[in-house]
Amino acid sequence: MSPARLALAAALALLAARPAHASFLSGDALDTAANWLSWFVIFLVPVVGIAVFLFVHVLPEKIAERRHHPHKDSIKVLCILSLFFGGMLWPFAWLWAYTKPIGYRAIYGTDKHEDYFVEMGEKVRAGGLSAEELAQLRAELAVVASKGALSPELRRVLEHLDALVAGSAPTPAARDTRSVEAATGGGE
């Protein structure tokens, strides 16, 4: 192909080209869309970013609570401190929430927070535990009691479990009937 023909083909291609549009919008519609997008980016994106940042920062605390970690209160404090130190302490809180407190178990006889035993005691009162789970809970509390670390609340749970095992614990319905009779002066 000769250079003259090539130049002519290029000129015809340039004349045949249509103007390109950068957007499907034009004029005032483009300005309005850009305005709304800018307000969205200025206000909504930072709010969502801060919410996600705070949600991620409390994850170790939530994990520790779900796992009944005995140091869950300390992990919560570390999460709060991490907010003030720009998130630098957060990985330590995350790791701490997933560790198994071996030293705590050696000292106190358990690796669970006291709230775990209180929750399980409430499940026992509601009748939501099987005999095996009941025996396991009683054995764990007996180990904690042997270490001498029972709070008054846990002592009440253990006494209730002992009474259940001995067969002398009243059922919730019988207990309610007795409390109604005592309140009304009946049953004499």
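Trp39 counts as partly exposed at 48% relative accessibility, a value that, like the others below, comes from a predicted model. This residue takes part in one of the 4 aromatic pairs that the structure holds. Its partner is Phe43: the two ring centres lie 5.4 Å apart and the planes meet at 10°, so the pair is stacked. Trp39 and Phe43 both belong to helix H2, where a spacing of 4 residues separates them by about one helical turn. Tyr116 and Phe117 have ring centres 5.1 Å apart but planes at 75°, and the pair is therefore edge-to-face. Tyr116 is buried, at 15% relative accessibility, and Phe117 is buried as well, with a relative accessible area of 1%. Elsewhere, Trp90, Trp94 and Tyr98 form one aromatic cluster.

From rings we turn to charges. Side chains of opposite charge can pair when their charged atoms come close. How many salt bridges does the structure hold? There are 3, and each can be followed in turn.

In one of them, Lys72 pairs with Asp115, with 2.7 Å between the closest N and O atoms. Lys72 is buried, with 13% relative accessibility, whereas Asp115 is partly exposed, at 32%.

Another salt bridge joins Lys100 to Asp111, whose closest N and O atoms are 2.8 Å apart. Here the partners lie in loops, Lys100 between helix H5 (90-98) and helix H6 (102-108) and Asp111 between H6 and H7, so the pair ties together parts that are 11 residues apart in sequence. Lys100 is exposed, with a relative accessible area of 55%, while Asp111 is buried, at 11%.

The remaining salt bridge is formed by Arg138 and Asp162, with the closest N and O atoms 2.7 Å apart. It links distant parts of the chain, since Arg138 sits in helix H8 (residues 131-146) and Asp162, 24 residues away, in helix H9 (residues 152-166). Arg138 is partly exposed, with a relative accessible area of 31%, and Asp162 likewise counts as partly exposed, at 31%.

The buried residues of H4 are Lys72, Ile75, Leu78, Cys79 and Ser82. Because these residues cover an arc of only 110° around the axis, they fall on the same side of H4. An α-helix has 3.6 residues a turn, so residues three or four places apart point the same way. Against which helices do the buried residues of H4 pack? They pack against helix H2 (28-57), helix H3 (59-66), H5 and H7. The face of H4 turned away from the buried side carries the exposed residues Asp73 and Phe84, and just after the helix Gly86 adopts a positive phi of about 70°.

The average pLDDT is 80, and 86% of the residues score at least 70. Confidence is highest in H3, with a mean of 94, and lowest in helix H10 (residues 172-184), with a mean of 42. Over residues 169-188 the pLDDT stays under 50, and the model has 8 contacts beyond four places in sequence for that stretch.

How values were computed:
Residues are numbered from 1 along each chain as its sequence is written. Side-chain values use heavy atoms; hydrogens and water are left out. A salt bridge is a side-chain nitrogen of Lys or Arg within 4 Å of a carboxyl oxygen of Asp or Glu. Buried means under 20% relative accessible area, exposed over 50%, partly exposed in between (1.4 Å probe, protein chains only). Helices (H or I, at least four residues) and strands (E, at least two) are DSSP runs, numbered from the N terminus. The arc is that of the directions from the helix axis to the C-beta atoms. Contact means heavy atoms within 4.5 Å. pLDDT is the predictor's confidence in each residue, from 0 to 100. Rings of Phe, Tyr and Trp (its six-membered ring) pair if their centres lie within 6.5 Å; planes under 30 degrees apart count as stacked, over 60 as edge-to-face and the rest as tilted.
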